Amino acid sequence: QVQLVESGGGLVQAGGSLRLSCAASGSFVNINAMAWYRQAPGKQRELVATITSGGTTNEADSVKGRFTISRDNAENTMYLQMNTLKPEDTADYYCNAAVRTRDNRVRVYWGKGTLVTVSS
């Protein structure tokens, strides 16, 4: 079984910064692509940023230049550095990972989310 646990959310004023973490644990072979998604109240879940196992990244236009995704493969952990936060960044942020499990299958897992609230 694989678990993804997000941390680092909280309340911050507009213009501030937060760093989210996503730690993977359990029994698996390795982690392929990872991603951050977010879901604001009353809206659909949207992709924020992705990172491959080799470190290639991609960010949504709405966060480009403000958010940076990274990962530490040795620690099975992914990060999202969020700078110059805006009230519209308020959402639950979810970790997503494509994991190769011990039966040699790639399965997609989700964390339970961490809430980021940006006050104006």
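Q: Which side chain meets R66 in a salt bridge?

A: Side chains of opposite charge can pair when their charged atoms come close. In this predicted model, the partner of R66 is D89, with 2.7 Å from N to O. D89 sits in the loop between β8 and β9, and R66 in the loop between β6 (57-59) and β7 (67-72), so the pair ties together parts that are 23 residues apart in sequence.

Q: Are D89 and R66 buried or exposed?

A: Buried means under 20% relative accessible area. D89 has 1% relative accessibility, so D89 counts as buried. R66, at 10%, counts as buried too.

Q: What salt bridge do R38 and D89 form, and how many residues apart in sequence are the parts this pair ties together?

A: The side chains of R38 and D89 form a salt bridge with an N to O distance of 2.9 Å. R38 belongs to strand β4 (residues 30-39), while D89 is in the loop between β8 (77-82) and β9 (91-100), so the parts joined here are 51 residues apart in sequence.

Q: Where does E46 come in?

A: E46 forms a salt bridge with R38, and their closest N and O atoms are 2.6 Å apart. R38 counts as buried because its relative accessibility is 7%. E46, at 34%, counts as partly exposed.

Q: Which residues are linked in a network of salt bridges?

A: The network links R38, E46, R66 and D89.

Q: How many salt bridges does the structure hold?

A: The structure holds 5.

Technical notes: Residues numbered from 1 in each chain as written. Predicted model: local features only at pLDDT ≥ 70, side-chain atom pairs only at ≥ 80, totals over all residues. Heavy atoms only, no water. Salt bridge = Lys/Arg side-chain N within 4 Å of Asp/Glu carboxyl O. Buried < 20%, exposed > 50% of the residue type's maximum accessible area, 1.4 Å probe, protein only. Helix = DSSP H or I, 4+ residues; strand = E, 2+ residues; numbered from the N terminus.
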